[in-house]
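Subject: Structure handover

Hello,

Here is the structure you asked for. Please open it alongside this note; what turned up follows below.

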Amino acid sequence: MAQLTIESPRESEDKWIPSFCMMCMQADDGTLVHIEDGVVTNIIGNPDCPTNLGKVCLRSISSIMGLYNPYRVKAPLKRTNPEKGPDIDPGWVEISWDEALNIVAEKLRKIREEDPRKLLVWEGWGCAESLFITPKEVERATNYEVPGQIFAEAFGTPNVVGSHGPTCSIHYAANLVHGQHPEYISDLEHCDYLIAPGRTVGPNVATPGATRRFIQAIERGMKLVTIDPRCSVEASKGYRWIPIRPGTELAFALSMIHVILYEIRKFDIWFIKNRTNGPYLIGPDGYYVRDSETRKPLVWDPIDKKAKTFDDPSIKDYALEGEYFVGGTKTKPAFQLIKERMKEYTPEWAEKITSVPAETIRTTTKEFVEHAMIGSTIEIDGFTFPLRPAQIAGSGRGAVSHKGGMYFDLCTKIINMLVGAMEVPGGATGNRNPGPCAETLRPNEDGIVKPILEAIGVPWKFPPDHVDMAEFYPTKHTAPHLAVRAILNPEEYYLTYPIEAFLICGANPIRAICDAEIFIEAFKKVPFIVAISTQFDETTMMADIVLPESYFLERKFCRFYLVVHQSIADDVRGLEMALCRNPVPPLFNTMQIDEIIIELADRAGFLKGPGGLNDVINRTFMLTDHRKLDLDKRYSFDEIVDRRIKQIFGDEHSLEEGLKKGFIYKFSATGKKGYNYYYWPDNKTRHPIYFEYTKKTGDTLRENLKKYNVKIPGWKEEELDNFFEYFEPIPKWIPNAEFEAPPEYDLWVANWKTPFMPFATGGTQENPWLAELRENDPYEMFIHINTETAKKKGIKDGDWVEVESRYGKTKGRAKLTELIHPEVIGIPACYGRGTILMNPVAKEGPPFNVLMTAKENIALDPLSGTIDVGPRVKIRKIEEEAR
Ligand code: SF4
């Protein structure tokens, strides 16, 4: 193997170069990198970058140690040991780039000729800035209806599996209700009361921009209510921390709806009547009742006492409650059905499930409604908006990543709609670029915002095309846990073709998910694995060929800014930006990922011509006129990026210009244009508060199962009713399997991202500076247990303990704290993994993932495909020598 040698000549100047950070999935913070005699000595925030205004987090400067990490992959490698395992020496031998690329390209060419589906592309946050590997939908500013990935589309495989989503399926509700992706922006500038269940609004993972906005809102007087099993940094700065049992946030949200509808009895009636499908009449079958001629949904006009189509200009009022006979059929407004379902979810009922006192639920809900100031307005740039300065922030990983978690997320939408806090100042507002993206709120023929991306659902096909079982989980996020099960048991999963190769790009599914042994077995079964990687993580160790990717600081790159997940970004509303990075001198024989992809596509014969990589790039980036790539020419990555910059910002701009400053940006929508309500005011569009589309997705799937006489893989026949309970048009409480755990599993477990390792992106787990910092943090590397609970179990601060779920065990040192729910054990981040070729610090700390399972009928939410991250556990003290 290559030694740590500097292969390129060192430069002698002392200079600062514009760059941007990629030490987490956000990758949106502009930096300045100091280079002295060819060596990187410092990284600071770029003060002119609009996202971070000169600030960076602790991870950014630590990336210096990622660059100079002696454990990096330094040259193309070929495996000589046929035996595979994360801790088995692969017997790497160094080969030339030419040989490595030819081996891979030859394999790709053969598979593509036979059946392109036999290639599975694994992608992860490690390649988040790649333009050709990351999902295409995040690259599209205006058209959300075309999911996929540039490389995979050109190759022809439907099999792209993200290793980053199975415990983070947060998109469905936003895709369905807001027509937005990845989620929405909490309008902190005007919000006075923010309820944040199971999520960070930025500071918990130390993102500079979101932290700044959060602090400004707190200083302005915004009240933050955190619903979380543990008291996070954010919660400590907030107004109220509500400790809750993991996975019961749905019960809390259902009860909030009950309190609004049955106790407070005050909600935004105008909004429900004019901006939602709440007045639409629903028949006994659960679907809209439609006009027999126009097929438009009907509503009931209580003044004229008759049913009318939803857009009839003669409507004098809409009935929200009651029952009405239309054409001899008994119908009810959707709102009436929602109200009926919520009747049983009293705060007393929710207290038993959540452990949150009924009075806390009542008080919080009452304050929430009061702060929403229903009926108030605000003028921005001469335009009058409804003002709703209160909202509940959905999409929290801690609350959504449970069986039933997607119902929780849908409930947060209902709560916001009940007070009218949607797409208006103070409320939950549209993501990305309002203006260009406001088009996604255009109503469909039923008058409702069209679902996008994951909410649309993958069309049925049998036998299934997708190895990740997308046909059986049509609205799932990413499902690597299903892909590996299908590879191992193709018959049970109806897979009619074998997976013959993996292309792994910045992904480490063996570590990132649970059931690692199943992943390892599936990886052993696949004949050819190529990893594009910077480090010898568990997944790279299973490869046959390793293509070394340049560390991000070495990559000349341009990333097109996206409003990030689980962050607050209201002061960058409407920002369109290309972040540009000047490379530092490369250390080893590496290449940047998109150049590798161009090279592979060219050698394997799918770069050029119709349907080739160039063609897909043209379509995805919507390149027009002279900016379009010639289908028969090979372009460098720089040339492609330059054309895209010109397409977005105009021909007078260029990559060269971006590299000089570190970015090119414009604000495409500010002031009143920053709110989607401006484009679709009054009753011009409606959001679904009754999720008829969800029901249709489930019913269609059920019909197809019947028609093809098949079952959902991994579920027993008698469990199918339970599977389809998650596709109902109104959320409901369904106890998950953990409620049935034997009494000895008397606690729950919770996990959260931390500033030291929100993701493994950039190699955080083996970064020695981050390791030094985290070891000095009094909470980071410990197993958290409530002081009283610990006392009852005879556990003292610093004792070694073992935590066991029904699926696995982990060990670590106890941290006694009042900052966690008495029935919950807390394990931060994703520690305790690594391989023999990684920095040993990677193996420090207690691993959390071993406590989970992804067995479908136990732990999966059928709607989102997420794995339940909150199993029941027991804890015991162990002797130090037993650890
Ligand atoms: S938040 Fe992420 S992108 Fe920003 S400085 Fe920190 S690690 Fe880098």
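Cys49 has a relative accessible area of 0%. The cut-off for buried is under 20%, so Cys49 is buried. Keep in mind that this is a predicted model.

Does Cys49 have a bonding partner, or is its sulfur too far from the others? The closest cysteine sulfur belongs to Cys580, and at 10 Å it is too far for a bond. A disulfide needs two cysteine sulfur atoms within 2.5 Å. Across the structure, the disulfide count is 0.

Now the cavities. The whole structure was searched, and 7 cavities of 30 Å³ or more came up. The largest cavity holds about 100 Å³ of space. It is lined by 14 residues, and Cys21, Cys24, Asp29, Cys57 and Arg59 are the closest to its centre. Sorted by class, that lining has 8 nonpolar, 3 polar and 3 charged residues.

Where does the largest cavity lie? Domain 1 (1-70 + 552-586 + 651-671) gives residues to the lining, and domain 3 (173-454 + 685-713) does too, so the cavity lies between them.

The ligand takes up the space of this largest cavity.

Best wishes

Methods
Residues are numbered from 1 along each chain as its sequence is written. This is a predicted model: local features need pLDDT of at least 70, side-chain atom pairs count only at pLDDT 80 or more; totals for chains, interfaces and linings use all residues. Side-chain values use heavy atoms; hydrogens and water are left out. On a 1 Å grid over the protein atoms alone, a cavity is a set of points where a 1.4 Å probe fits but cannot get out, and a pocket is an open set with protein on both sides within 12 Å along at least five of seven lines; lining residues have an atom within 4 Å of a point. A molecule sits in a cavity or pocket if more than half of its atoms lie within 2 Å of its grid points. Buried means under 20% relative accessible area, exposed over 50%, partly exposed in between (1.4 Å probe, protein chains only). Grid points are joined across faces, edges and corners, and a volume is the space filled by probe spheres set on the points. Ala, Val, Leu, Ile, Met, Phe, Trp, Tyr, Cys and Pro count as nonpolar, Asp, Glu, Lys and Arg as charged, and the others, Gly among them, as polar. Domain bounds come from an automatic or database domain assignment.
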